[in-house]
Amino acid sequence: MTVTAPADGSPAASLLEEGAGAGPDRAFRTVTLVAGTMVLVILLLIAVTMTVRAWPAFSEFGTSYFFGTEWVPSEGKYGILPLVWGTVLVSLIALVFAVPMSVGIALFVNELAPRRLRRPVVTVVDILAAVPSVVFGLWAFYNLLPGFQTVFNGIADAVAGIPVLNTLFGPSTGSSFMSAGLILALMITPIITSVTREVFATVPENDKSGALALGATRWEMVRGVVFPHSMGGVTGAVMLGLGRAMGETVAVALIIGARPEISLNLFGVGETMPAQIFRQLSEAGALLRSALIGLGVILLVLTVLVNVGARRAVVAVDRRVKGTA
Amino acid sequence: MTTDTATGTDPVPATRSSEVAVALTGGTLGAGRRMRNTAASVLMVLAFLLAATPLVVMGVQVFSQGIDAVTSGSWWTAPIPETGRADLADNEALQDLGFGDTSGGDSSASEVVLGMAPAIVGTLLTVLGASVLAIPLGILGAVYLHEYGKKGRLARLIRFMTDVMTGVPSVVMGVFVYTVWVLPRGVDGKSALAASLALACLMLPIVVRSTEEMLKLVPDNLREASAALGTRTWKTTVKVVLPAALAGITSGSLLAVARAAGETAPVVFVIGFVTTTNLGFLGQNTTLSAQIYSQQQNGGALSTELAWGAALTLVGIVLVLTLVARGISRRFQIG
Amino acid sequence: MSDTTERKMTEDQGPATVSLAPTGRGGADDAATERPVVFDVRDLDVYYGAHHAVRDVHMGIRRNEISAFIGPSGCGKTTVLRCFNRMNDLIEGARVEGDIEYHGVNLYDERVNPVEVRRRIGMVFQKPNPFPKSIYENVAYGPRIGGVKKKSELDDIVERSLQRAALWDEVKDRLKASALGMSGGQQQRLCIARAVAVDPEVILMDEPCSALDPIATGRIEDLMVEIKSEYTIVIVTHNMQQAARVSDATAFFSTEVNPDSDFRTGLLVEFDRTSTIFSNPTDQRTENYITGRFG
């Protein structure tokens, strides 16, 4: 590559040439660029191919697909609202339990626990994250549902005469929105905890000392300094957890009961979008298949929106922290 | 050496001192404040126990219910015994959870040879395939992001989309592979390869992000030292940067592998079902996670035993991968 | 403050040629010795894990005086200061031995509640650390957690505290504005106002001016002198002139290197009236430090 000798023989002349290695360098750059772009290509492929396959359902059923309140494929009823309802309800139940638990663990690790206890606690939470979803489902199905049934029915009996409560907490067979929500809570706690911890860790030590030096108790310091500082980031963490909960499939499929129904009874059976896809797709006829892939598209859109929102919230915190530093 | 002008002069009146003592021992700190602080601390510990207790209980129960099958000798080598209802496909009563056909397995449970070899092989095969597809691609993508793209528009877009892709539910990846791979090919499309594709989609963003994090940790002066010798970026990357980040990249990739090994949703409807070992990437296959699900759906004593055994095996594999990954990252932390 | 300082300490054995007499605030020194002792420190030793950070500190801090801690880096001035309101409790592995009696009560008695200690003994930090809240909320924070709920009462406290910190006129029209929008010097005065708002008896200041420009520094120094009639102030400073300008008593700390482990242990060399320390120190090391820096 350096064959063309500089005319004037100046040592600087060769600076104008590409020199040895420029070719491989460009090739390597191109290879990495292609690899990096794969993420975009795959995401685009996912969106396009699935939408194409789902189109028959979208066009055939139209609004009755998106706003129909009955999902009974055997009778040709493809209204997805019961499945959306199940997904949202189960995810919200999961958040109600997981968020306080995660924030508590994050505070425990960051503010309360002595240093030597921190690593074991973090390890326990990490192991919780590593347990496969299907194992959660199997365990909950055999070892928890009977107990859940007893407890739920006990609660249902206790509130039997009370309006609103008797609707929310009705009779149960064990499999239910609540069972699925509780297991999901356990499954999304690690992700919320770890992001929350990162956010809490960005609170300047100086600010915390400031509160303590004014005679604040540890809890008052947390409320007065740590929480206000972390609101956006914790919101992001919660949304990440929500995204996880909405997409979680097998564990929910095993314990929610597989009956698509818009029911206010938290102790009653239901069904979610991912669980329905999971159960039916393999053996579905053309129309049901299209409807199920449509569910996948909707699930994709919802989780992408939630995740984008979550990233925004976390990034906003980053900016603010760096801005004031 | 110390000139303490204070000693001995002007003693503090006793009354004053005892007042202060009362105040400092919390006499004036409101009972409410103290209680709220204690309650908050107790709740924090409780939050941890609430998460840890189910984990421990689950660990114990999975172990105790699966250990017999796993230690039965034939477990790692024998084919999966027929439970009378091998193929989920024909199971009309699939949704009636817990109501399986028990006639097939129950009566002969003691005589059958418990085995899970096909699923263990299938798990290793699918995960291997997914790793071969996703890890090199992910590392190269991360190299682009951190060594070439940096803060550019394209790099920022890819980074953002990688985060988005991390959040895409695994079942959607399964649906995707099902539509582009299995549907055009019919039943023949169901294979370990198809499952590998779905798992690779799942692993790719995880590998990209964890690798980029590790590349960030490689100090810039290493790159500068290499560049100052007239080395090209690609050579610097391959010879200096990647080796420096190797431990971290390995650890991140192993975590992605562990995640993929445990996945069920994207696997079940693209892999089919077999009860004998299939060492090839083509043709129907099975995995531990798929077995746990389908055996649970079958119900019956034999199926349940198989499901627990598979669960223990899977948890063991995933935990080993996770702990090895953590060990590597702890031992070789950069900086 | 720097390595040169320590080198000077050992090499420069010459007598003090420049007298750095205090500029007057400590003029009524002899009368001041009659003031009651707030902190009586005896045999104070501080350890961080196995590391002996500070040893053998004895001193008596008097009420309504400004006491300054000076000395080279790593000599333990800040460590000792943080013992006075038990902020060292927050550092894992920190251990305090000996007595710090506050009005006759040992602060490290196991029955003593550190939260209550910090209410009476406020602190201002090296880097201004206003909370990311409004100016008003910053000052109201302490009284609020102390149980003051009435708006009018809080308003009074906020105004009084800001006035005492010489900040009221500058911020009275924008009390709801974020404290983070203020200048560094204003933020530091806000932190003083915040400390004053809980009505402490003592204010500890850990190099309060090190992040400020000379004008802002001057304002804080004036402020300290103004409010010392109501508070007892202990200040750690790197700036000897500052100590000479504002303080009534001065403690000079130094370090010694542990021959076995290369760790440095801080120790108190001399504690006396500021005028004495700067004009006629008893200890040769003090004299070397004072003159080494300026002579």
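In the predicted model, C:Asp43 is partly exposed, with a relative accessibility of 44%, a value that falls between the 20% under which a residue counts as buried and the 50% over which a residue counts as exposed. This aspartate lies in strand E1 of chain C, which covers residues 37–48, and its backbone adopts a positive phi of about 50 degrees even though the residue is not a glycine.

A positive phi in a residue other than glycine is also found at C:Glu207, where the angle is near 45 degrees. The position of C:Glu207 is in a loop of chain C, between strand E7 (202–206) and helix H9 (214–227). The relative accessible area of C:Glu207 is 7%, and the residue is therefore classed as buried, the cut-off being under 20%.

Chain B was examined at the level of its overall architecture. Its secondary structure consists of 11 helices and 0 strands, so that, read from the N terminus, the order of elements is α-α-α-α-α-α-α-α-α-α-α. The chain comprises 335 residues, of which 53% count as buried.

Conventions:
Residues numbered from 1 in each chain as written. Chains lettered and ligands numbered in written order. Predicted model: local features only at pLDDT ≥ 70, side-chain atom pairs only at ≥ 80, totals over all residues. Heavy atoms only, no water. Helix = DSSP H or I, 4+ residues; strand = E, 2+ residues; numbered from the N terminus. Buried < 20%, exposed > 50% of the residue type's maximum accessible area, 1.4 Å probe, protein only.
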